Amino acid sequence: MVALSTVSELIVVNHTEEQNIPILMYHSISSYASPRFRPCIVSPEAFEEHLSYLDQCHCTSVTVTQFVQAIARGGDGLPPRSVVLTFDDGYADFYTDALPALQHHGFVATLYIPTAFVGGTSLWVQDMDEGSRPLLTWEQLAEISASGIECGAHTHTHRPLDMLPLSVVRDEIVRSKELLEEHLGQQVSSFAYPSGFYSARVRQIVQAVGYASACAVKGALSSLHDDPYALARLAIKPDTGVHDLAAALSTGHGPLVASHVKRARAHLRQRARSVYGKLWCGWSGLYKGDEADAVGND
Ligand SMILES: [Zn+2]
């Protein structure tokens, strides 16, 4: 833990001057998790420290859609020291713990929702002993959306898209968009790949069905030159401190940023999954999407 009095001594954020924009990826804002799910939680206290740090550094939050609109304009209208906060999977603690803290600091965010599980529990991480973690309801999502938080799609059933037949991929991508639009009464234009896994064909489908952006993981800062359909994000972990944020935002290095070697390895593995996906499933038993893959991205 870092006392907030020391935050001002940390390196001042200067990412916008270099056109590097941090897109932070959170999952559950909670203090409790099974050992395997632990990389996917950040405690409410640590989350508050992160927001206080961003606040003190005069960062301005934008949604993913606001960011890609700025990319299309060559950066025009993007506030100085912009930061993007994203939350995958729609855990109910977003409503009880994250949203009040975001509102207190005047920050916006983008949520990514797997629509089959809204109002239920996180059944897709049952094999991580986390199948009963409560998820947001449609009523809560409507309220969250009305408060200015962007709600994007995260497929319907949270399966790794690069492992599925393309007809199923298309259904997953279209259905989640339609359901969110029906329930929220507004256009849904952002998407996030479950566990960060995608292929060139999956990316093509996301673009073709009308999304304007899609988030990957990558462990890197995004920028005005980033691919709007494979935006780089930094995975925030339970032990991520403000020093880690400061290092990533000011220098583009530190524990949140994957090394070139690690990114090259992840890229190769992603290509291998795309090409040999079905065989891969055969080798490893029935592959199940694992949130820890996205968090570690290695
Ligand atoms: Zn997810």
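**Figure 1. Lys-218 is a buried residue in a strand.** Lys-218 has 24 C-beta neighbours inside 10 Å, so Lys-218 counts as buried. (Buried means 20 or more other C-beta atoms within 10 Å of a residue's own; exposed means 12 or fewer; partly exposed lies in between; C-beta atoms are placed from the backbone.) Lys-218 sits in strand S10, residues 213-218. Its phi is positive, about 75°, although Lys-218 is not a glycine. The model is predicted: local features need pLDDT of at least 70, side-chain atom pairs count only at pLDDT 80 or more, and totals for chains, interfaces and linings use all residues. Residue numbers start from 1 along each chain as its sequence is written.

**Figure 2. His-58 is exposed in a loop.** (Helices, H or I with at least four residues, and strands, E with at least two, are DSSP runs numbered from the N terminus.) His-58 counts as exposed because it has 11 C-beta neighbours inside 10 Å. His-58 also has a positive phi, about 60°, and is not a glycine.

**Figure 3. Ser-43 lies in the loop between strand S4 (41-42) and helix H1 (44-56).** Ser-43 is partly exposed, with 16 other C-beta atoms within 10 Å. Leaving out residues up to four places away in sequence, Ser-43 touches Ser-31 and Pro-238. (Two residues are in contact if their C-beta atoms, placed from the backbone, lie within 7 Å.) Ser-28 is 15 residues from Ser-43 along the chain, and their C-alpha atoms are separated by 8.3 Å.

**Figure 4. Helices H5 (residues 166-184) and H6 (residues 200-208) pack at an angle of about 40°.** Their axes are 10 Å apart. That makes H5 oblique to H6. (Under 35 degrees is roughly parallel, over 145 roughly antiparallel, 65 to 115 roughly perpendicular, and the rest oblique.) H5 contributes Leu-166, Val-169, Arg-170 and Ile-173 to the contact, and H6 contributes Arg-201, Val-202, Ile-205 and Val-206. By class, the contact has 6 nonpolar, no polar and 2 charged residues. (Ala, Val, Leu, Ile, Met, Phe, Trp, Tyr, Cys and Pro count as nonpolar, Asp, Glu, Lys and Arg as charged, and the others, Gly among them, as polar.)

Figure 5. In the protein as a whole, 47% of the 298 residues count as buried.

Technical notes: Axes are lines fitted to C-alpha atoms, for helices over the stretch in contact, and angles run from 0 to 180 degrees between N-to-C directions.
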